[in-house]
Amino acid sequence: MSIYPFGRAPGEKGAPGTTSVRQKSECYFSGLNLTIPTTATNLINLIKALPHTGSLSPFFNTTTNKFTVFNLDTTVTFKVNVIGAWSGSSTNRSMTVNFPQTNGNSLTKTRDAQVTVDALSFPTFFSVDKDGNLATGGSDITIVSNGATFTATAILLVAEQMIPSS
């Protein structure tokens, strides 16, 4: 007999008696001199050929240049961090990461001109529906620097999803 309600420890996911394992893609690109333009650009296509540590697989498909997830009713967490600097003297400094094939998932970060280090973090999650659009077709990830081009010196890209263990 378990001391926990429903036979699960706090924070444990899934139905009683099922086990799951975390699938994760994590890549770190450093030493970059990468221009992020003022027009929407596919992020995976922009970075896939650059040297990095970690793996783009299984969530970042470098053939289709799409963010792909497992076809399960589970949540996917996602984060991209972009570090660098805006060009010029523009005080209009923001960046947008968008997932066009999803229902309005668009993230914008604005930096005040007084901030001397331009480190932008875009964390979010996706509630995946089995056989839904994200699970069956994936989504582009577009990035755009608003106001002026941005020179990225480092990028961290992470996605993870819990799936049933085999």
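In this predicted model, Ala85 stands opposite Thr151, a residue of strand S11. The two strands involved are S6, covering residues 75–86, and S11, covering residues 150–164; they run antiparallel and are joined by eleven bridges.

This pairing belongs to an open sheet of five strands. Reading across the sheet, the order is S3-S1-S11-S6-S9, and the pairing is antiparallel. The edges are formed by strand S3 (53–55) and strand S9 (118–127), each of which pairs on one side only. On average, neighbouring strands of this sheet are turned by 20° against each other, with direction ignored. As a general point, side chains in a regular strand alternate between the two faces of the sheet.

How much of strand S7 is buried? Four of its five residues are buried, so the strand is mostly covered, where buried stands for under 20% relative accessible area.

Strand S7 has pairings with strands S8 and S10. With S8 (residues 106–110), S7 pairs in the antiparallel sense over five bridges. Within that pairing, Ser94 has Thr110 of S8 as its bridge partner. With S10 (residues 142–146), S7 again pairs in the antiparallel sense, over five bridges. Here Asn98 stands opposite Thr142 of S10.

Conventions
Residues numbered from 1 in each chain as written. Predicted model: local features only at pLDDT ≥ 70, side-chain atom pairs only at ≥ 80, totals over all residues. Heavy atoms only, no water. Pairing = 2+ DSSP bridges. Axes fitted to C-alpha atoms, helices over the stretch in contact; angles between N-to-C directions. Buried < 20%, exposed > 50% of the residue type's maximum accessible area, 1.4 Å probe, protein only.
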